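User: I have a structure open and would like to go through it. Can you take my questions in turn?

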Amino acid sequence: MARSQSKAKIRGLSLTRRPGEQITIYTTDGPVIVQIGETRGHNTRIKIDAPSTVKIFRSELDVLSPKATASDESDYD
């Protein structure tokens with residue numbers, strides 16, 4: 001099956017950052033700033049500042065899957 005042209009291409013970038021450092025991702029809605037916080041063992045705190053129009057989800061919640069209902073997504077608006 002051919003890939004739909006409406007789907008955006010996904011690009012990846014792997015970075016090493018220290019606590020207090022940040023990266024900025026520019027979107028059409030404005031910049032998204034990701035700042036690295038403290039690290040404890042295998043856990044790292046991150047802070048994300050983004051325009052209110054940018055939806056941010058933890059991947060383990062998988063709210064964008066076809067199984068998610070409209071009522072599920074409304075909780076994150």
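Predicted model: local features only at pLDDT ≥ 70, side-chain atom pairs only at ≥ 80, totals over all residues.

Analyst: Residues are numbered from 1 along each chain as its sequence is written, and side-chain values use heavy atoms, with hydrogens and water left out.

User: What pattern does the protein follow along the sequence?

Analyst: The pattern is β-β-β-α, with 1 helix and 3 strands. Helices (H or I, at least four residues) and strands (E, at least two) are DSSP runs, numbered from the N terminus.

User: What order do the strands of the sheet have?

Analyst: E1-E2-E3, in an open sheet with antiparallel pairing. Strands E1 (22-27) and E3 (43-49) are the edges, each pairing on one side only. Two strands pair if DSSP finds at least two bridges between them.

User: And how many bridges join E2 to E3?

Analyst: 6, with E2 covering residues 30-40. Thr39 stands opposite Thr44 in E3.

User: New topic. How much of the protein counts as buried?

Analyst: 9% of the 77 residues. Buried means under 20% relative accessible area, exposed over 50%, partly exposed in between (1.4 Å probe, protein chains only).

User: Which residues line the largest pocket?

Analyst: Ile10, Arg11, Leu13, Leu15, Ile23, Thr24 and Ile25. A pocket is an open set of points on a 1 Å grid over the protein atoms alone, where a 1.4 Å probe fits, with protein on both sides within 12 Å along at least five of seven lines; lining residues have an atom within 4 Å of a point.
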